[in-house]
Amino acid sequence: MKKFKILSVLIAVIALLLSCSPKEKKSIESANYRVIPLPSEIVTSEGNPFVLSSSVKIVFPEGNEKMHRNAEFLAEFLNISTGIKPDITSTAPEKNAIILSIGLQNPNKEAYEIAVGENSITITGASEAAVFYGIQTLRKSVSADAKRIVFQPVKIKDEPRFAYRGMMLDVARHFQSADFVKRYIDILALHSINRFHWHLTDDQGWRIEIKAYPKLTVVGSQREQTVVGKNTGEYDGKPHGGFYTQEEIRDIVKYAQDRYITVIPEIDLPGHMLAALAAYPELGCTGGPYEVAGSWGVFDDVLCPGKEETFTFLESVLSEVIELFPSEYIHIGGDECPKVRWEECPNCQTRIKELNLKDKEGHKAEHYLQSYVTARIEKFLNNKGKSIIGWDEILEGELAPNATVMSWRGMEGGIQAAQMGHNVIMTPTAYCYFDYYQTQNTDEEPLAIGGYVPIEKVYNFEPAPEILTDKQKARILGLQANLWTEYIETPDYVEYMIMPRIAALSEAQWVKPEKKNYEAFLTRLPGLLNLYGKLGYNYATHVFDVQAKMIPNFETNSLDVELSTIDNAPVYYTLDGTVPTVSSTKYDGKFSIRENTEIKAMAIRASGNTSKVLSEKINASKAGYKPITLLTTPDPNYRYTGESMLVDGLFGNSTNYKTGKWMGFKGENIVAIIDMLEPTEISTAQIRNCVVTGDWIFDASEIILESSDNNSVFTVVSSQKLLDANTTHWSDIAVHTLSFDPVTARYFRLTVKPTVMPAWHPGKGSKGYVFIDEISLN
């Protein structure tokens, strides 16, 4: 991770150099109130500014310990940025005062106002927490390396859109120290996030001390070794473990409370319990033996709900959890719980008969057995004054009466729960999984689980879809991003994966949709990145790279290319695959491409520092940029820019099918008609399929090409059956070419048929997904 630290420092330096050279640097800088997240209302006015000087005092209400702590935070923040550490007092001076107060009349208890005048800055909140958020705004308005700062007269009114603003950290897959957890909480506080979801238990490790069951940490917190890469079958041979004592947990919870962050613990049940079963094998259906998992995935061995001692165990564990965490919510997981063992377990089958559970409404009796577990645990927690959150799998069967649903497998679960009258927290993988790659160029990235969630996608996430009524939208409590750590071992890597995407998350959580604007957000982001650098955070720097928009133009039958950078740095590019220099063509506006081309582009800044090289091959064919009609509806999660992407000349360069280069179809014949605009001779047709059988994505089973002169009557040109359904390959890019005697026609219709998944696959008998990136005719 050392190289990422170097990049972080480099970009911070670049941002500073771009803002002003040492000779041009002004002796006094003005605060910039347009911070992240953006305040609701900023109204500047005429008048003399407030000058921050060493004589400034921070004033808090006497006797209010929380406000005293707020004052201490502000003094510390200003000292970090400016070197000035103000005195703290309860007696307001006539001038040079930053006054903190509560009593703002606003139904939103996190609302605050800031008023800046010549003699004072006043932050007034509807609560102590609200004042803290006002302090964060004031803190971020100051340049991270300012020496003298002035605050122009202003009135700021601000309040968050959502009451629940969350961020999750998985410490079960890779343990992080208590000190780093506090640092993580500091990062959340900087972004005005108020919920820390702490994933404490899983198959790969149990991380919380439970005094009633000491072997949970003696045995369950340690695994013998960890799989190398993505379940390669090779292991590192190194033990991995760790847990938090109850004393450490109390300390972390208090640390978070001081920063107005509620810690929500997750004890994942009844699945993802191998670490617990390794410690207490009698809680499983088979009795074991079990081992703490050293690999990733979903395991068949789960808690046995047919045994009463399982509920004794869960209630004892949760009783101790309740004592440690004052949060209203306890997260009980509920995700990815296979029913294989339950189907064969005499105890579970007896329980099913006792409860008279039946297969119905598309769910097996075993699904309703999980609903029984969830409802029973919810009742126990409700009686203790707690509410439950569960992943959206708890919708399968019958949803517990008062459960809050955390929707991760898309938006659908959250929508369904809101329509049923349940509270919802949106955290869909496509927008909120920060263990996904943040750039399409994954070759230069540290290993991640896959996927593609760039910062722009996070920013543009709307968690309250229009399909919901206003009453149902009110059930959306907020949104959360998750960091799962199968491949994320170190604190540096944790920071790299969350920053700066967490900045986009904070704006999606705080700012009303009508005030969001991604381009404006990018202009505010460098100031926050500069603060990251000052605080020593290890953040990703992709936002400083050249960004490209490549859009098929069906009027000119070409690919339009637009290049940009966050800071409008000069961009140089080549079209022959060579690395650009200042002697290359300087980008000065949109240009078009019609032929096979390899674009390389690079930002070369005035300081001499360069961005990463953007590289893209355009694979033009006779079908390129010609009108295409898709007669099959893609899966809405994988439609991206629509049918035009099938003739844009851009290939998916990896089996990461979530980068936006691959279009996905769920179990249907894919039919596309390409209008060549005039009779055109063709002798080859090529398609490319992304194959990831572990994700139910298979190669095509058959390709059929037909031609027509009138787009009505089609004649078969060529066809080919492709796949041996017994193949067990995991992932690949399959390239299929049909070659035939030349055919001249205006219209060509291509049909691609999906594969019926074979007996060895969990989806056996159903048709798999098919993903295509390009249709080439030549």
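Analyst: Helix 17 and helix 18 lie oblique to each other. In this predicted model, the angle between them is about 125° and their axes are 10 Å apart. Helix 17 covers residues 501-510, and helix 18 covers residues 518-535. The crossing of helix 17 with helix 18 is right-handed. On the helix 17 side, the contact uses Ile502, Ala503, Ala504 and Glu507. Helix 18 contributes Phe521, Arg524, Leu525, Leu528 and Tyr532. Seven of these contact residues are nonpolar, two are charged and none is polar.

Now His240. This residue sits in strand 16, residues 240-241. His240 has a relative accessible area of 18%, so it counts as buried, the limit being under 20%. Its side chain reaches the backbone nitrogen of Phe175 at 3.1 Å. Beyond residues up to four places away in sequence, His240 touches Arg173, His174, Phe175, Arg207, Ser221, Gln222, Arg223 and Thr226.

Last, Tyr368. Its place is in helix 11, residues 365-383. Tyr368 is buried too, with a relative accessible area of 4%. Leaving aside neighbours within four places in sequence, Tyr368 contacts Leu357, Lys358, Lys360, Glu361, His363, Gly397 and Glu398. One of these, Lys358, is 10 residues from Tyr368 in sequence. Their C-alpha atoms are 7.9 Å apart.

Methods
Residues numbered from 1 in each chain as written. Predicted model: local features only at pLDDT ≥ 70, side-chain atom pairs only at ≥ 80, totals over all residues. Heavy atoms only, no water. Axes fitted to C-alpha atoms, helices over the stretch in contact; angles between N-to-C directions. Helix = DSSP H or I, 4+ residues; strand = E, 2+ residues; numbered from the N terminus. Parallel < 35°, antiparallel > 145°, perpendicular 65-115°, else oblique. Left-handed = near helix turned anticlockwise from the far one by under 90°. Contact = heavy atoms within 4.5 Å. Nonpolar A, V, L, I, M, F, W, Y, C, P; charged D, E, K, R; others polar. Buried < 20%, exposed > 50% of the residue type's maximum accessible area, 1.4 Å probe, protein only. Polar contact = N/O pair within 3.5 Å; in protein donor to acceptor, adjacent residues only side chain to side chain.
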